[in-house]
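Student: I'd like to learn how to read the fold and packing of a model like this one. Can we go through it together?

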Amino acid sequence: MNPFQTFRVALRALLRNKMRSFLTCLGMIIGVSAVIAMVAIGEGAKARVEEAFAAMGTNLLIVMAGSSSMGGVQGGSGSQPTLTWEDLKAIQSEVSSVKYAAPQLRSNGQVMSEEQNWGTQIYGTTPEYFKIRSWAVSSGSLLTQSDGDTGAKVAVLGQTVADKLFGVGSSPVGQNIRIKNIPFTVVGVLAKKGQSAMGQDYDDALFIPVSTFGSKIQGGLKKYLSGSIMVQAATSDTARTQADVTALLRDRHRLADGIDDDFSIRNLAEIASAQQEGTKTMTSLLAAVAAVSLLVGGIGIMNIMLVSVTERTREIGLRMAIGARRYQIMAQFLVESLTLAFFGGLIGVAVGVGTATWLSSSFGWSLLIRPDVVAISVVFSALTGVIFGLYPARKASRLDPIDALRYE
Amino acid sequence: MNAPLIHLEKVCKTYRMGEEVVHALQDVTLDINGGLVAIMGASGSGKSTMMNVIGCLDRPSSGSYFLEGQDVSKMGHNALADIRNRTIGFVFQSFHLLSRTSAIENVELPLVYAGVSGKERKRRAEEALKRVGLGARIHHHPNQLSGGQQQRVAIARAIVSKSKLLMADEPTGNLDSRTSIEIMALFQELWREGMTIVLVTHEPDIAAFASRVVVMKDGEVLTDREQEPVVAVVPPPASRPGVMT
């Protein structure tokens, strides 16, 4: 008897009891669909976090000025200008573990085109900034070094700003806009970047040379850099870069041992990995729940197979009498439980994908169905069928044909 | 090939039931070579054990059993399964048909284990069903058939492998007397076509159709005699069933 015939014999036996077969499958269906749906949603969340942090820039550190402390009132990071332009230059030139460093000065302001106006974030920065954030233009060009040197009144728009001021699908390059009533020329529009992990729209921003920002938008002390410094580490060892930059700044600010830093450094890579740890924990938790439901499904299969063996004792006796070998009986019952589990798994995948799609569309969750997870769940459910079918199948094959034939 | 189909040589079979040792068969020596052989005896006489040993479902505790000249008394499970598949057909009191399975599929079953291809299986199963007079009901399920028809399906299953030996364990025990005679008539036909049939029964009426009667008592052969079998003639429907001449 070849495996195909064994499979047909098993399938026929299962079809003789359609309702019971379906109910047995149900355990596997619920288990597998839970795995698929949960992992899809977990992976979706993880992918979204990863994407958001990748949009931010890789291996990113943000250096912020220290806090002011006046009469016990602590102003928070950046409230007191402690970073200087010299600090920025030192970071750029003296720390070998730093790839790029760029200032980021920020202001809120109203921006006007001929027809529209829009309140947005205005950033003053240098060309390195776009390299750090690996941000390219969709049309026009980025800010250049000479724009900064000459204090040119040029602006690069985020996609959202371009859409708001000039309408979707327009070409704003070369057009004039007014920022805080000062005329600027649009030289480029940035590619769409999307949202941050916290839901902030990266594209709702416009960028002008930092020198222009200082002279036209913000004013203030020329010596100090009244914003933050974006630093991209040369390697993924951002902790080392953080230590190097800290050492440099402490030295430059002449801070003795035991005195707190008058600046702070945020390590975005660390925040990202912490976030990922969080989603990873969540995913493994969901996987554990799913594994338990698979186990329960497996026990259900074992239960039904044991009932089936008892109920079909006479059939087993007859099959043995007419020439079935022990292993053929065993194979038949194993294939039955395998088939139950396998089809349960397949239906489970379909239900799981359906559920995940429905959940994501009705709650707006992102979704990632990984083919390897689907394959593993199906293989696992089939394996569950074999493992939990083993004992009942063995029991069937060890029956004595004489006793089995007489079983009432 | 002078070896008899069945040769039992000082076969003993003992069971242990708790403290007690039951001697189900004691030094049975018996040859069967053709014929419609009825094994009779009261319950506990050892006739069922005899049937199990001859049918290769059980091995003797001591002594030898030669089937077609082959010593099967020391064979393992798989070898015995193969011998049952090839050489022996079984008919039981309670038919033992797979429920919710058509007659033809029931008859095909031994061929499935013999590894016969699907098309050939169908052809032979159909032929066997025609032979027992159920050519028109090959796709009926057991619950759509009468007791006699179910037993015919079982007989078709027993002859489909063209095995030489047919073991029948109380084949008429669940049938009315008219149907019993029909079944015995079928057995007589098969016997006359050359099959060896060993049938276990406790009914003298049924044993009367046999060509040889072996009576067992306390695990031993009490009497063993050839006889002129009563020809099984199915009475016309009008007459009272079970009347024999």
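This is a predicted model: local features need pLDDT of at least 70, side-chain atom pairs count only at pLDDT 80 or more; totals for chains, interfaces and linings use all residues.

Student: How does the radius of gyration of chain B compare with what the globule rule gives?

Tutor: Chain B has a radius of gyration of 18 Å, close to the 18 Å from the globule rule for 245 residues, so it is as compact as a globular protein of that length. Its C-alpha atoms fill a box of roughly 50 × 45 × 40 Å along the principal axes. Buried residues account for 54% of the chain.

Student: What about the nonpolar cores?

Tutor: The general idea first: in soluble globular proteins, nonpolar side chains tend to be buried together. Here, the largest nonpolar core has 66 residues, and those touching the most other members include Ile6(B), Met50(B), Tyr65(B) and Leu67(B). The largest share of this core, seven residues, comes from helix H2 (residues 18–56) of chain A.

Student: Which residues does Leu67(B) touch, leaving out those up to four places away in sequence?

Tutor: Among them are Leu5(B), Cys56(B), Val72(B), Ile88(B) and Leu165(B). There is also a second, separate core of 45 residues, including Val91(B) and Phe209(B).

Student: And at what angle do helices H1 and H11 of chain A cross?

Tutor: Roughly 65°, with their axes coming within 8 Å. The crossing is right-handed. Phe7(A) and Leu11(A) are among the H1(A) residues in the contact, and Val335(A) and Leu340(A) are among those of H11(A). By type, the contact residues are nine nonpolar, three polar and one charged.

Terms used. Residues are numbered from 1 along each chain as its sequence is written. Chains are lettered from A and ligands numbered from 1 in the order in which they are written. Side-chain values use heavy atoms; hydrogens and water are left out. A nonpolar core is a set of buried Ala, Val, Leu, Ile, Met, Phe, Trp, Tyr and Cys residues joined through side-chain atoms within 4.5 Å. Buried means under 20% relative accessible area, exposed over 50%, partly exposed in between (1.4 Å probe, protein chains only). Helices (H or I, at least four residues) and strands (E, at least two) are DSSP runs, numbered from the N terminus. Contact means heavy atoms within 4.5 Å. Axes are lines fitted to C-alpha atoms, for helices over the stretch in contact, and angles run from 0 to 180 degrees between N-to-C directions. A crossing is left-handed if the near helix is turned anticlockwise from the far one by less than a right angle, and right-handed if clockwise. Ala, Val, Leu, Ile, Met, Phe, Trp, Tyr, Cys and Pro count as nonpolar, Asp, Glu, Lys and Arg as charged, and the others, Gly among them, as polar. The radius of gyration is taken over C-alpha atoms; the globule rule is 2.2 Å times the number of residues to the power 0.38.
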